[in-house]
Amino acid sequence: MSDPIHVAVILGSTREGRLCDTLAAWVAGELDKRHDLTFSLIDPASLDLPGCHENQANEGIRRLRDQLDRADAFVVLTPEYNHSFPAALKFLIDSSYAEWQTKPVGFVSYGGISGGLRAVEQLRQVFAELHAVTVRDSVSFINVWEQFADDGSLIGPDRAVAALQRMVSQLHWWATATRAARKTAPYREVA
Ligand SMILES: Cc1cc2nc3c(=O)[nH]c(=O)nc-3n(C[C@H](O)[C@H](O)[C@H](O)COP(=O)(O)O)c2cc1C
């Protein structure tokens with residue numbers, strides 16, 4: 001087996017009382033079961049991200065760019081806010097550029113009736129601009145506030161667990177392929 005890939009799990013909400021923490025804990029628990037990857041969390045609420053330009057000399061942006069650079073792949077947790085994704089997530093995405101390039105991105109989305117899918121469709125356009133590769137399958141929670149018990153466990157987890165593992169397997173395939181490709185041919189020559 002090839003070296004484990006490193007996955008950065010990105011929290012998309014900075015809202016006080018956010019459900020994003022519950023989702024992140026669930027995703028972390030599932031990723032922990034795999035032996036073909038390591039992972040870490042990136043939380044915009046704990047980074048000082050003043051704006052949205054990679055050239056800003058700011059400690060939060062430097063830390064973020066280091067974390068993104070170390071990752072071979074990303075899992076983005078996004079709620080839906082007004083038929084889109086949160087502004088905090090856009091700030092985070094726009095704070096870096098090269099660190100995203102050629103790397104696969106998978107989504108765990110949540111919200112009301114749409115399960116956050118409208119946020120995901122818009123994020124696919126954003127990540128295409130950054131030369132990142134969004135994987136086809138995603139995980140989506142409709143009426144997310146009904147899906148988790150008070151202890152943070154998922155009620156009726158089978159479908160979501162299967163969807164997450166399928167999505168992570170796709171992420172793993174792309175991460176392994178693009179990591180090898182980056183070593184033999186620098187992408188900046190065609191970007
Ligand atoms: C400002 C705001 C706008 C929202 N807009 C939508 C929406 O357009 N569609 C939807 O399905 N849910 C919408 N919701 C519901 C959220 O997706 C849901 O509350 C989710 O838990 C928010 O994520 P968070 O708790 O991690 O911040 C909205 C919530 C907020 C706070």
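Student: Is aspartate 21 buried, partly exposed or exposed?

Tutor: Aspartate 21 counts as partly exposed, at 39% relative accessibility. Buried means under 20% relative accessible area, exposed over 50%, and partly exposed in between, with a 1.4 Å probe and protein chains only. Keep in mind that this is a predicted model: local features need pLDDT of at least 70, side-chain atom pairs count only at pLDDT 80 or more, and totals for chains, interfaces and linings use all residues. Residues are numbered from 1 along each chain as its sequence is written, and side-chain values use heavy atoms, with hydrogens and water left out.

Student: OK. What does arginine 18 form with aspartate 21?

Tutor: A salt bridge, with the closest N and O atoms 2.9 Å apart. The term means a side-chain nitrogen of Lys or Arg within 4 Å of a carboxyl oxygen of Asp or Glu. Arginine 18 itself is buried, at 13% relative accessibility.

Student: Which residues are linked in a network there?

Tutor: Arg18, Asp21 and Asp43 are linked by salt bridges.

Student: And how many salt bridges does a search of the whole structure find?

Tutor: It finds 13.

Student: What about glutamate 80, which side chain does it meet in a salt bridge?

Tutor: Arginine 118, at 2.8 Å from N to O. That pair links distant parts of the chain, 38 residues apart: glutamate 80 is in the loop between β3 (73-79) and α3 (87-94), while arginine 118 is in helix α4 (residues 117-129). Helices (H or I, at least four residues) and strands (E, at least two) are DSSP runs, numbered from the N terminus. Glutamate 80 is buried at 15% relative accessibility, and arginine 118 is partly exposed at 34%.

Student: How far apart are arginine 124 and glutamate 121 in helix α4?

Tutor: Three residues, so about one helical turn separates them. Their side chains meet in a salt bridge at 3.7 Å, N to O. Arginine 124 counts as buried at 19%, whereas glutamate 121 is partly exposed at 47%.

Student: New topic. Where is glycine 12?

Tutor: In the loop between β1 (5-11) and α1 (20-31). Glycine 12 is buried, with a relative accessible area of 0%.

Student: What is glycine 12 in contact with, leaving aside neighbours within four places in sequence?

Tutor: Cys20, Leu77, Pro79, Pro86 and Leu89. Contact means heavy atoms within 4.5 Å.
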